[in-house]
Amino acid sequence: MEFNQFDTNSLMYITNRPEIVFTEGDGMWLTDSTGKRYLDYLQGWAVNSFGHSPAIIQDAVTTQVKKLINPSPAFYNAPMIELASLLTHNSTFDRVFFANSGGEANEGAIKLARKWGQKHPNAKNEARYEIITFDHSFHGRTLATMSASGKEGWDKKFAPQVPGFPKAELNDLDSVKKLVNDRTVAVMLEPVQGEGGVIPASPEFLQALRKFTKDNNLLLIVDEVQTGMGRTGKLFAHQWAGIAPDIMTLAKGIGGGVPLAALLATEAVSVFEAGDQGGTFNGNPLCSAVGVAITKNLLQPGFLEQVQAMGNYLSEQLKALSKQFNLGEERGEGLLRALELGSDIGNNIVEVARDLEPIGLLVNAPRAHLLRFMPALNVTKEEIDTLIKMLAEVLTKIKK
Ligand SMILES: *Cc1c(COP(=O)(O)O)cnc(C)c1O
């Protein structure tokens, strides 16, 4: 190597990272600069829908990069139009705005809701702008999306917050009703809280929330940045509850690993006027072409059923492991799953699993008492069996 791989001083410190440099990826597998291989149940944080460097992305990128990379957001391009049509034809939404990250898509959702609240004021003719969000929710790392998030301690970080995001309790409609006032314009939530620890909103709660928001002239915004694009075994997680929200955001899985996000809304709510919204890279043909390839493959007959089947299999295997090692509850939807550990051994498991020889295992502990699993959506039974075998080895080591 012509550079010292551990001389990381030029990178701004933001978090603790292990002294590993990854150089290659293939499906469920990563390889580091020493040649060691790892079974990867992080997949870029629920991003790599078809695993590392899949042929469908290689083909989409190489084909598009030769044709056109970026004509500017001031003009239409073919992949942007095709992807928007694919998304509206397979959802209850009518209009799409593309962005580059989940945080940016959620900023767009907040702006769109506030704009709609200006056009639909309260009885005193005042603009409505408050958006009710939930404890333990995660919506991104921009100032407004941090303010919308219900992560502990985030109300003090980078104070003052962006105002207008009162917090309710998930699965508790009364806690939402109590926060509504004549400035309220919307309710925003994740169908399954991902970073919060894979905590699903119940179908009954989502249905009641949809009825309540509709009856009270409030918008319902679903943040499907983590749960969308097949992750839960349906194209969008809110479809499990059979509801039609007003606004939805997507990111993570829609790009399969490249930066791509989307803000979707019904016709009635798509109220941006010229100059209200934009972004230099938004809707660029390179990333949009990847989004087209990902979406078409998710929509192949039988694919989402396969995600459900593998989700059930992973769930069963994790439950058996939990029984064997006396751990806690297993939960989740499709291939977004979590396992309660019964004690704060999550970070210990993450490290011991990573350091296993000759092959390592990458898993995530969003909380110290919990493991989260977000494999590629085309994960195989064998790769799930290998995960369980490796976890058993780790748990045996730790419990000694
Ligand atoms: C990851 C995530 C975000 C933020 O997405 P970025 O691409 O990191 O900005 C927002 N909402 C949810 C539910 C997420 O999981």
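We'll visit the ligand and then a pocket.

This is a predicted model, with residues numbered from 1 along each chain as its sequence is written. Local features need pLDDT of at least 70, side-chain atom pairs count only at pLDDT 80 or more, totals for chains, interfaces and linings use all residues, and side-chain values use heavy atoms, with hydrogens and water left out.

**Stop one: the ligand.** Select Ser101, Gly102, Gly103, Asn106, Phe138, His139, Gly140, Glu190, Asp223, Val225, Gln226 and Lys252, the residues around the ligand (a heavy atom within 4 Å of it). Helix 4, residues 102-119, supplies the largest share of this shell, three residues (helices are DSSP runs of H or I, at least four residues; strands are E, at least two; both are numbered from the N terminus).

Now zoom in on the polar contacts (N or O pairs within 3.5 Å). Gly102 has a backbone N or O atom 2.8 Å from a ligand oxygen. A polar side-chain atom of Asp223 sits 2.8 Å from a ligand nitrogen, and one of Gln226 is 2.8 Å from a ligand oxygen. Alone, the ligand exposes 380 Å², and the protein buries 80% of that (Shrake-Rupley areas, 1.4 Å probe).

**Stop two: the second largest pocket.** Select Tyr76, Arg95, Val96, Phe97 and Phe98: of the 30 lining residues, these are the closest to the centre of the second largest pocket. (A pocket is an open set of points on a 1 Å grid over the protein atoms alone, where a 1.4 Å probe fits, with protein on both sides within 12 Å along at least five of seven lines; lining residues have an atom within 4 Å of a point.) Next, colour helix 3 (78-89), which gives the most to this lining, with five residues.

Conventions. A polar contact is a pair of N or O atoms within 3.5 Å; within protein, one must be able to donate a hydrogen and the other to accept it, and residues adjacent in sequence count only if both atoms are side-chain atoms.
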